[in-house]
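Here is a short briefing on one protein model. Look at the sequence and the structure first, then read on.

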Amino acid sequence: MTEAVNLMHKVGQGITPQQFMERMQVREMVNSGIPNTVERFYDKYHGFRTLDSARRSLFASSGERLGIRCLILCTDWCPDVMWNVPVLFRIMEQSGIPVEALIMEEHLDTMDLFLTDGGRAQPVAIFVDWGGNVLGRWGARPAYIQQVMDDFKASLPDRQSPSYQEQLNQVYRDIGALYLEGDRYQDVILQELDVLFRRFVQTL
């Protein structure tokens, strides 16, 4: 995204976090270390800790001053969604920032404005102001986890090679292992959102 984007026409077109959770299908994602996607999602959602007062104040106050809304492009078949979206939902809820999920397949026009390395990686959290102007984005993964995929792509793997799929599966296993380390990835999400929201405030 290299120029100003307005998504006012998308505000209110998504579904609530509760609706997203109610509609999820149970899936097994072996390479990502997720035996049951629904259980993993709810585990991360209910297990998310309370924001510290300073960070909650930053998110809430900037959200109020700019009229921030969060639109999350996602689906229920992506492992990164299972790890990251419950955390994003909780952060927005605790900060009083309205949040809705835009199912990727239903909003490909928007998805294609927020590609990662040219691909439709998800989730992508898009932050818009009171007028629908895009302030910034987060996603699809914490930077240190995304680096694993970036390094793989930078190695210029041969997609026609018989071993390509196994190489890709190993990348997903490596990414899954980083998520399984515990709360580190959540701490990084918070740090990255902290930087993003401070940048929003500077635009005032």
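Which helices each supply at least two residues of the lining of the largest cavity? They are α4 and α7. This is a predicted model, where local features need pLDDT of at least 70, side-chain atom pairs count only at pLDDT 80 or more, and totals for chains, interfaces and linings use all residues. Residues are numbered from 1 along each chain as its sequence is written, and side-chain values use heavy atoms, with hydrogens and water left out. Helices (H or I, at least four residues) and strands (E, at least two) are DSSP runs, numbered from the N terminus.

**The cavity**

- A cavity is a set of points on a 1 Å grid over the protein atoms alone, where a 1.4 Å probe fits but cannot get out; lining residues have an atom within 4 Å of a point.
- Grid points are joined across faces, edges and corners, and a volume is the space filled by probe spheres set on the points.
- The count is 1 cavity of 30 Å³ or more.
- The largest cavity has a volume of about 40 Å³.
- Its lining is made of Ser32, Pro79, Asp80, Trp83, Tyr172, Ile175, Gly176 and Tyr179.
- Helix α7 gives the largest share of this lining, 4 residues.
- By class, the lining of the largest cavity has 5 nonpolar, 2 polar and 1 charged residues.
- Nonpolar covers Ala, Val, Leu, Ile, Met, Phe, Trp, Tyr, Cys and Pro; charged covers Asp, Glu, Lys and Arg; the others, Gly among them, count as polar.

**The pockets**

- A pocket is an open set of grid points with protein on both sides within 12 Å along at least five of seven lines.
- The largest pocket has a volume of about 520 Å³.
- Of the 26 residues that line the largest pocket, Ala121, Arg141, Met149, Lys153 and Tyr172 are the closest to its centre.
- Helices α4 (79-95), α6 (143-154) and α7 (164-179) each supply at least two residues of that lining.
- The lining of the largest pocket has 13 nonpolar, 8 polar and 5 charged residues.
- The second largest pocket has a volume of about 190 Å³.
- Its lining has 17 residues, and Ile15, Phe20, Arg23, Asp76 and Ile103 lie nearest its centre.
- Both α1 (17-23) and β2 (99-103) supply at least two residues of the lining of the second largest pocket, and β2 gives the largest share, 3 residues.
- That lining divides into 7 nonpolar, 5 polar and 5 charged residues.

**Glutamine 122**

- Glutamine 122 sits in the loop between α5 (108-111) and β3 (124-128).
- Is glutamine 122 buried or exposed? Glutamine 122 is buried, because its relative accessible area is 3%.
- Buried means under 20% relative accessible area, exposed over 50%, and partly exposed in between (1.4 Å probe, protein chains only).
- The side chain of glutamine 122 reaches the backbone nitrogen of threonine 75 at 2.6 Å.
- Glutamine 122 touches residues including Leu73, Cys74, Trp77, Met104 and Ala140, not counting those up to four places away in sequence; contact means heavy atoms within 4.5 Å.

**Backbone features**

- Most residues other than glycine have a negative phi, and most peptide bonds are trans.
- The peptide bond from glutamine 122 to proline 123 is cis, with omega near 5 degrees.
- The bond from glycine 139 to alanine 140 is also cis, with omega near 5 degrees, and alanine 140 lies in the loop between β4 (134-139) and α6.
- Aspartate 117 is not a glycine, yet its phi is positive, near 55 degrees.
- Aspartate 117 is in the loop between α5 and β3 and counts as exposed, at 52% relative accessibility.
- Leucine 156 has a positive phi of about 50 degrees.
- Leucine 156 is in the loop between α6 and α7 and counts as exposed, at 71% relative accessibility.

**Cysteines**

- A search of the whole structure finds 0 disulfides, a disulfide being a pair of cysteine sulfur atoms within 2.5 Å.
- Cysteine 70 is in no disulfide, and the nearest cysteine sulfur, that of cysteine 74, is 9.6 Å away.
- The sulfur of cysteine 74 is 9.1 Å from the closest cysteine sulfur, in cysteine 78, so the two are too far apart for a bond.
- Cysteine 70 is buried at 1% relative accessibility, and cysteine 74 is buried at 0%.

Notes:
A polar contact is a pair of N or O atoms within 3.5 Å; within protein, one must be able to donate a hydrogen and the other to accept it, and residues adjacent in sequence count only if both atoms are side-chain atoms.
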